[in-house]
Amino acid sequence: MDLRETFATNLRRLRNARGWSQDELAFEAKISRGYLSELETGEHYVSIKIIGRLAEKLDVEPAEFLKWPSKRGR
């Protein structure tokens, strides 16, 4: 898994954990829902500025987006 896929997976996970739709997070982060969708599917690279906005709205550290998924059974 590359970093863009890792970011996309973590973004979806964190948004869902918060119970927000893409529309809600996009509104809060002041980005379009279409762009958020493309970030969540790994179609686009994300800027540091947008990572900061998303982290603030999801109430997480920016590094949360780049954490590798844990291996099950370890």
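Reader: Is R15 buried or exposed?

Author: This is a predicted model, so read every value as computed. Buried means under 20% relative accessible area. R15 has 9% relative accessibility, so R15 counts as buried.

Reader: Which residue meets R15 in a salt bridge?

Author: The partner is E40. Their side chains come together at 2.6 Å, N to O. E40 sits in helix α3 and R15 in helix α1, 25 residues apart. E40 has a relative accessible area of 2%, so E40 is buried as well.

Reader: How many salt bridges does a search of the whole structure find?

Author: Four. Another one joins D23 and R33, with the closest N and O atoms 3.7 Å apart. D23 lies in helix α2 and R33 in helix α3, so this pair ties together parts that are 10 residues apart in sequence. R33, at 38% relative accessibility, counts as partly exposed.

Reader: Now the rings. How is an aromatic pair described?

Author: A pair of aromatic rings is described by the distance of the centres and the angle of the planes. The rings of F7 and F65 have centres 5.1 Å apart and planes at 40 degrees, so the pair is tilted. F7 is in helix α1, while F65 is in the segment after α4, 58 residues apart. Both are buried: F7 at 4% relative accessibility, F65 at 0%.

Reader: Where does the charged end of R4 sit?

Author: Over the ring of Y45, 4.1 Å from its centre.

Reader: Which residues touch the most other members of the largest nonpolar core?

Author: L11, L54 and F65, in a core of 16 residues. Helices α1, α2, α3 and α4 each give two or more residues to this core. α4 gives the most, with five. Take L54 as a case. Leaving out residues up to four places away in sequence, L54 touches F7, L11, L25, A29, I31, L36, L39 and F65.

Reader: What should I make of pLDDT?

Author: Where pLDDT is low, the predicted coordinates should not be read in detail. Here the chain has a mean pLDDT of 93, and 95% of its residues reach 70 or more.

How values were computed. Residues are numbered from 1 along each chain as its sequence is written. This is a predicted model: local features need pLDDT of at least 70, side-chain atom pairs count only at pLDDT 80 or more; totals for chains, interfaces and linings use all residues. Side-chain values use heavy atoms; hydrogens and water are left out. A nonpolar core is a set of buried Ala, Val, Leu, Ile, Met, Phe, Trp, Tyr and Cys residues joined through side-chain atoms within 4.5 Å. Buried means under 20% relative accessible area, exposed over 50%, partly exposed in between (1.4 Å probe, protein chains only). Helices (H or I, at least four residues) and strands (E, at least two) are DSSP runs, numbered from the N terminus. Contact means heavy atoms within 4.5 Å. pLDDT is the predictor's confidence in each residue, from 0 to 100. Rings of Phe, Tyr and Trp (its six-membered ring) pair if their centres lie within 6.5 Å; planes under 30 degrees apart count as stacked, over 60 as edge-to-face and the rest as tilted. A charge sits over a ring if NZ of Lys or CZ of Arg is within 6 Å of the ring centre and within 35 degrees of the ring normal.
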